[in-house]
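Colleague: I would like to go through this model feature by feature. Please give the general idea each time, then the case at hand.

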Amino acid sequence: MAGATSSCIFCQIATKPTSTTLLHSDDKVVAFQDINPSAFRHFLVIPVEHIPTVNDLQKRDEDYSLVNHMLNVGKTLLHQDAPQSKQYRFGFHQPPFNSVNHLHLHCLALPFIPKWKRAKYMSIGPLGFIEAEKLLEKIKPS
């Protein structure tokens with residue numbers, strides 16, 4: 001697979017059998033539970049292709065389509081698994097606040113557990129957490 005790195009834990013999850021239970025898998029993305037959940041439900045959707053961070057995405061059809069697909073997969077999973085939740089959040093940590101250098105969409109069915117974890121998912125300008133919809137606006141091809 002182009003761009004995959006053997007040291008990237010998310011590349012390993014996306015391309016090789018691991019102990020991680022996949023909630024969704026297709027030719028573009030895989031989804032699984034976050035190992036350190038910050039909310040009632042906390043899933044990650046990652047591209048199969050190794051893309052380090054949101055900063056590596058450009059205003060082009062393939063990047064826009066990928067992020068849109070990631071968001072649709074995340075929404076579907078949360079609405080199936082946590083339909084009783086009244087609030088959901090979907091977004092990405094931006095460098096230097098991303099924990100793994102492989103693009104990953106956080107899909108959260110609130111409430112945050114514990115409540116202080118909400119601080120990790122706040123938007124603070126060009127840093128911190130960027131909502132998936134805002135990222136889509138930013139990379140939408142002209």
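Predicted model: local features only at pLDDT ≥ 70, side-chain atom pairs only at ≥ 80, totals over all residues.

Modeller: Residues are numbered from 1 along each chain as its sequence is written, and side-chain values use heavy atoms, leaving out hydrogens and water.

Colleague: How many disulfides does the structure hold?

Modeller: A disulfide is a covalent bond between the sulfur atoms of two cysteines. The cut-off here is a pair of cysteine sulfur atoms within 2.5 Å. The structure holds zero. For cysteine 8, the closest cysteine sulfur is in cysteine 11, at 3.7 Å, too far for a bond.

Colleague: Are cysteine 8 and cysteine 107 buried or exposed?

Modeller: Buried means under 20% relative accessible area, exposed over 50%, and partly exposed in between (1.4 Å probe, protein chains only). Cysteine 8 counts as buried because its relative accessibility is 7%. Cysteine 107 is buried too, at 0%.

Colleague: Which residues of helix 3 are buried?

Modeller: An α-helix has 3.6 residues a turn, so residues three or four places apart point the same way. Helices (H or I, at least four residues) and strands (E, at least two) are DSSP runs, numbered from the N terminus. In helix 3, residues 132–139, the buried ones are Ala132, Leu135, Leu136 and Ile139. Viewed down the axis, they fall within an arc of 100 degrees, so they line one face of the helix; the arc is that of the directions from the helix axis to the C-beta atoms. Lys134 and Glu137 are exposed on the other side.

Colleague: What covers the buried residues of helix 3?

Modeller: Contact means heavy atoms within 4.5 Å. The cover includes helix 2 (61–81), strand 4, strand 5 and strand 7 (127–131).

Colleague: Where does phenylalanine 97 lie, and how exposed is it?

Modeller: Phenylalanine 97 sits in the loop between strand 4 (88–93) and strand 5 (105–112). Phenylalanine 97 counts as partly exposed because its relative accessibility is 44%.
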